[in-house]
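Please examine the sequence and the predicted model shown below. The briefing after it is arranged by topic.

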Amino acid sequence: MLELAGLAKRYAGFEFGPVDLAVGEEVLCVLGPSGSGKTTLLSLVAGLVTADAGSVSLDGRSLDGLPPERRNAGVVFQDGALFPHLTARENVAYAATDEGRVADLAALLELDDVLDRRPATLSGGERQRVALARTLAADPDVLLLDEPLSSLDAPIRRRLREDLHDLFAALAVPVVYVTHDQRTATALGDRLAVLREGRLEQVDTPRSVLERPATRFVAEFTGCENVYEVPVVGSGEGVVRVRLGDATLRVRSATAKPTSGATVTACVHPSRVRLDGAVGALDGPSAPDQSFPGTVRRWLDEGDQYRVVVALDAGVDLAATVSPATADRLASLDGAAVSVAIPPDAVHVLS
Ligand code: ADP
Ligand code: MG
């Protein structure tokens, strides 16, 4: 168990923490925009930066004041930084606890064919795998990764993301994986920690963070564009009614019990909204309750999905993601009359 307690660091113009966090034998993905303090967090744990306040411990043992080489933390940075004059094999063997470990890791990370080559002759993906193997060969007690896939092309990144998921699951150590890419974070993380301006905004499972963001920042950073300040018009029986433009939106709410007249922040992830044609269902067998008519205002082809913004007749815009198969069934997306289904339990009220 990696534990951070009141960990803080101040730079001119930037304040990190105080951060409290516990990471068990799991992958914790730290997600945040550029400059939010992700690298600072890892550097504090690795001992590359000295904290102003707070403490770091690993399995109950304090790491405070220990130099990096005595923390047994494995660190992999974005560029992998291999020794250029050593072959891949020599790089991996450099800090290996035993020779067998090198062979095991080479097999695991599919490096057998490149072991006798030098870093300059390797592809970016191969270099990152060698860097990871070198770090793992030292049998670290905690693994710290700083955007290790961010410089790779999308197909290699997707592939390595799958490999890493299995690899991390097999390691029985805390893994802290820093990224600014939400897809990598949700694919790899057992839990997500969302960092904003040096502070943790939310720590939870990826599903919870996506579907029940704690703050507007988390909602927007994880792709939930549909965030509305709405007045409450009634509540009871686990359902809250809010005013969305001229319409009334029912929200399933087990926890939040706002009173009528209060204003709340409600959000709906675009992936939880369903687009139907004006006549008949387009995106499934039948429309659930609570649909709103509208017109497609604009759309963007993102390759694997369409992002569609619908101007609801009620007077507000709402973004929805639509599969290409669904979009194909509309003669044209431009100005299409649609019906937007918003299931009551897809709406989240921020507390
Ligand atoms: P991220 O990794 O999330 O992009 P960083 O942790 O690298 O963010 O940086 C967070 C903030 O701290 C930035 O504003 C950065 O300029 C500042 N910072 C980081 N390291 C130093 C340093 N050694 N001296 C001064 N400011 C720093
Ligand atoms: Mg960084």
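Residues are numbered from 1 along each chain as its sequence is written, chains are lettered from A and ligands numbered from 1 in the order in which they are written, and side-chain values use heavy atoms, with hydrogens and water left out.

**Ligand 1**
- The residues around ligand 1 are Y11, F14, P33, S34, G35, S36, G37, K38, T39 and T40; a residue is near a molecule if one of its heavy atoms lies within 4 Å of it.
- The side chain of T39 places an N or O atom 2.8 Å from an oxygen atom of ligand 1, and for the side chain of K38 the corresponding distance is 2.9 Å.
- From S36, a backbone N or O atom lies 3.2 Å from an oxygen atom of ligand 1.

**Largest pocket**
- The largest pocket holds about 380 Å³ of space. A pocket is an open set of points on a 1 Å grid over the protein atoms alone, where a 1.4 Å probe fits, with protein on both sides within 12 Å along at least five of seven lines; lining residues have an atom within 4 Å of a point. The volume is the space filled by probe spheres set on the points, which are joined across faces, edges and corners.
- Its lining comprises 14 residues, with Q182, R183, T222, H269 and Q305 nearest the centre.
- Helices α6 (182–188) and α7 (206–211) are the elements that give two or more residues to this lining; helices (H or I, at least four residues) and strands (E, at least two) are DSSP runs, numbered from the N terminus.
- By class, the lining has two nonpolar, eight polar and four charged residues. Ala, Val, Leu, Ile, Met, Phe, Trp, Tyr, Cys and Pro count as nonpolar, Asp, Glu, Lys and Arg as charged, and the others, Gly among them, as polar.

**L188**
- L188 belongs to helix α6 and counts as buried because its relative accessibility is 2% (buried means under 20% relative accessible area, with a 1.4 Å probe and protein chains only).
- Leaving aside neighbours within four places in sequence, L188 is in contact (heavy atoms within 4.5 Å) with V27, C29, R161, L164, H165, F168 and Y177.

**H348**
- H348 lies in strand β20 (residues 347–350) and is buried, at 13% relative accessibility.
- A polar atom of the H348 side chain is 2.9 Å from the backbone oxygen of P213.
- Beyond neighbours within four places in sequence, H348 is in contact with E211, R212, P213, T265, A266 and C267.

Notes
Predicted model: local features only at pLDDT ≥ 70, side-chain atom pairs only at ≥ 80, totals over all residues. Buried < 20%, exposed > 50% of the residue type's maximum accessible area, 1.4 Å probe, protein only. Polar contact = N/O pair within 3.5 Å; in protein donor to acceptor, adjacent residues only side chain to side chain.
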